[in-house]
Amino acid sequence: MQETRLDIARIQAARRIIDPIFLDTPLYRCEALEPDLGCTVSIKLETANPVRSFKARGTEVVASLLADSGSRAVVCASAGNLGQALAWSGRGRGLDVTVVASRFAPAAKLDRIRALDARLELVDGDFDMARERAAAVARHHGIRLVEDSLDIETCEGAATIGLELVDTVPSFDAVLIALGGGALATGVGHMIKAQAPDVEVICVQPLGAPAMTLSWRERRVVTTDSTNTIADGVAGRRPIPAVLDDLLLVADDAVLVQEASIIAGMRMLLDHAGLVVEPSAALGIAAILEDRDRFAGRHVVTIVCGSNVDVDAYHRWIGAAPIHKP
């Protein structure tokens, strides 16, 4: 494999830094999903932790390095999950954490950021506008800016998921990874291609937020003017060039899925796995639903990456979930 920015020795070191509460998350075959999907499905459950997403694997590394260096202040932009994770990791290490987010982000995510003692600043725009404001705050105060996916710690923290996959799953044919900024996809993809190169790494993004997928397909950065998806956690418009370079080396494919498929995936995870998930976490199931023939008879791992969802919105999306009886 060609060189990405990631390093396996650092990924292994990250595993020793990360609070064990975020490591060795449940990984299991979910047979109840299989009749409707036509393939063997294993779930890597990254919601079974205090911040209910995979993001703390990266923020644990960032916060640990900051605390060791004597730095005490940090700022990030977040769609919600990174902010919670950085607030959690920073609080335990005495860091002063500021999170910049869109005021249109799910209220449940914003409330949790506040509850974790972070300073929350809201902007009247989307995630990419929050990124611009966070960078301005960092410059003005001379503090560390954490940029998800660009900062290698966020990618290598996420890569510990891939380390666990290659160490524990008996055999699988493909891994489906939600694609937003790219930390999860490049991190997990790096480990898979380094340790299990025959496994297909497939990134999944909403049709209404396609910038990184279009960039991967064209092998150059493609930006979009807007996004239109319920999957707020992956709704970026401006891919980061260095992250795209990494993604081009580790992803075998990048696919776009419709909103109806995302909602159907959320409903299936509730009905068959008892999991309440945010839309980004259902992208893998959505990809199978839209191309059953591609995955027929294969063993697929999907990473359920977050469950920070607004309850009212969730009920609107999935409606009264049908009860499937034997």
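Me: How far apart are the axes of H4 and helix H5, and at what angle do they pack?
Reply: Keep in mind that this is a predicted model. Helix H5 covers residues 107–115, and its axis and that of H4 are 9 Å apart, with a packing angle of about 15°.

Me: Which residues make the contact between them?
Reply: From H4 come Asn81, Gly83, Gln84, Ala87 and Arg91, while H5 brings Lys109, Arg112, Ile113 and Ala115. Sort the residues of this contact by class and you get 3 nonpolar, 3 polar and 3 charged.

Me: Now another pair. At what angle do the axes of helix H11 and helix H12 cross?
Reply: Roughly 110°, and the axes come within 8 Å. Find helix H11 at residues 259–273 and helix H12 at residues 283–290. Angles of 65 to 115 degrees count as roughly perpendicular, so that is the label for H11 and H12. The crossing of H11 and H12 is right-handed.

Me: Which residues of H11 and H12 meet?
Reply: On the H11 side, look for Ser261, Ile262, Ala264, Gly265, Met268 and Leu269; on the H12 side, for Leu283, Ile285, Ala286, Leu289 and Glu290. The contact of H11 with H12 has 8 nonpolar, 2 polar and 1 charged residues.

Me: Let's turn to pockets. What shows where empty space is left?
Reply: The idea is to roll a probe the size of a water molecule over the atoms. In this model, the largest pocket comes out with a volume of about 600 Å³. Its lining has 41 residues, and the closest to the centre are Lys55, Phe127, Asp148, Gly181 and Gly233.

Me: Which elements give two or more residues to the lining of the largest pocket?
Reply: Those are helix H4 (81–91), helix H6 (127–141), strand S6 (144–146), helix H8 (183–195) and helix H9 (211–218). H6 gives the largest share, 4 residues. By class, the lining of the largest pocket divides into 19 nonpolar, 12 polar and 10 charged residues.

Me: And how many residues line the second largest pocket?
Reply: There are 23, and Phe104, Ala105, Pro106, Thr229 and Asp232 lie nearest the centre of that pocket. The second largest pocket holds about 430 Å³ of space. Its lining has 11 nonpolar, 7 polar and 5 charged residues.

Key
Residues numbered from 1 in each chain as written. Predicted model: local features only at pLDDT ≥ 70, side-chain atom pairs only at ≥ 80, totals over all residues. Heavy atoms only, no water. 1 Å grid on protein atoms, 1.4 Å probe; cavity = no way out; pocket = protein on both sides within 12 Å on 5 of 7 lines; lining within 4 Å. Points joined across faces, edges and corners; volume = space filled by probe spheres on them. Nonpolar A, V, L, I, M, F, W, Y, C, P; charged D, E, K, R; others polar. Axes fitted to C-alpha atoms, helices over the stretch in contact; angles between N-to-C directions. Parallel < 35°, antiparallel > 145°, perpendicular 65-115°, else oblique. Left-handed = near helix turned anticlockwise from the far one by under 90°. Contact = heavy atoms within 4.5 Å.
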